[in-house]
Amino acid sequence: MNRRDCLAALAGALAAGPLRAQGFVRKPWPPRTPTPALQLASVDGTPWTPAAERGHPVLLNFWASWCEPCRSEMPSLERLAAMHRDAGLKVLAVNFKEGEAAIRRFLAANPLALPVLRDGDGAAARAFGINIFPSTVGLDRNGRTLFVSVGEVDWSGPPGQELVRPLL
C-alpha cells in the first residue's frame with residue numbers, strides 16, 4: 001500500500017467512527033449529472049458495465065477487506081439481495097484497489113454470495129466521489145444514479161429498505 005492509499009485509509013477510518021455512530025449519510029446524486037461510464041471486471045475477469053444491468057435496479061457497494069464496517073455490512077447486503085431478487089435488484093460488491101490474491105483470500109475466509117467486481121485503480125470510486133468506505137451507489141432501472149450512501153447501513157432493516165425503495 002502506498003502513502004496515498006494509507007492516507008485514504010486513515011481518512012476513511014477517522015470518518016467512519018462518527019458515521020458509524022450516527023448511521024450513514026445519504027447524498028443525492030446531482031440532477032442532470034450522468035452516471036459515470038464504467039467498465040469493471042469481476043474477480044474471474046468477466047467484464048461488467050452499468051449498461052449491462054439496464055432494466056434492473058442496482059446497488060454498487062464499494063468496500064475493502066481492511067475496512068471493518070465494510071465486512072460488518074456484507075451480511076445485510078446479502079439478505080437485501082435475496083429479499084429483492086424477484087424485483088430484479090442486483091447487488092454488486094466493488095472492491096477498492098486490492099489485488100486479486102487479497103480479494104480471493106478474503107473470499108476464502110468470508111464466502112460471499114454477491115458478485116465481486118474489482119476497482120483496481122480506484123477510478124470507479126473516484127468517478128462517484130467515494131473516499132469513505134463502505135459507500136454504496138444506487139442506480140435505478142434506467143441506469144441513472146440516484147444516491148450515494150456513505151457509511152455502514154443495515155440494508156435488511158428499515159434504513160436500508162428506505163434507501164432501496166426508490167430503486168425498486
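1. Two elements, α2 (68–83) and β5 (90–96), each give at least two residues to the lining of the largest pocket. Helices (H or I, at least four residues) and strands (E, at least two) are DSSP runs, numbered from the N terminus. This is a predicted model: local features need pLDDT of at least 70, side-chain atom pairs count only at pLDDT 80 or more, and totals for chains, interfaces and linings use all residues. Residues are numbered from 1 along each chain as its sequence is written, and side-chain values use heavy atoms, with hydrogens and water left out.

2. The largest pocket holds about 190 Å³ of space. A pocket is an open set of points on a 1 Å grid over the protein atoms alone, with protein on both sides within 12 Å along at least five of seven lines; lining residues have an atom within 4 Å of a point. Among its lining residues are E78, R85, K90, L92 and P115. By class, the lining has eight nonpolar, one polar and three charged residues.

3. There is one cavity of 30 Å³ or more. A cavity is a set of grid points where a 1.4 Å probe fits but cannot get out. The lining of the largest cavity includes P50, H56, L139 and R141. Its residues divide into three nonpolar, four polar and four charged.

4. L60 touches L38, W48, L92, V94, F128, S135, T136, V137 and L139, leaving aside residues up to four places away in sequence. Contact means heavy atoms within 4.5 Å. L92 also lines the largest pocket, and L139 the largest cavity.

Definitions and conventions
Points joined across faces, edges and corners; volume = space filled by probe spheres on them. Nonpolar A, V, L, I, M, F, W, Y, C, P; charged D, E, K, R; others polar.
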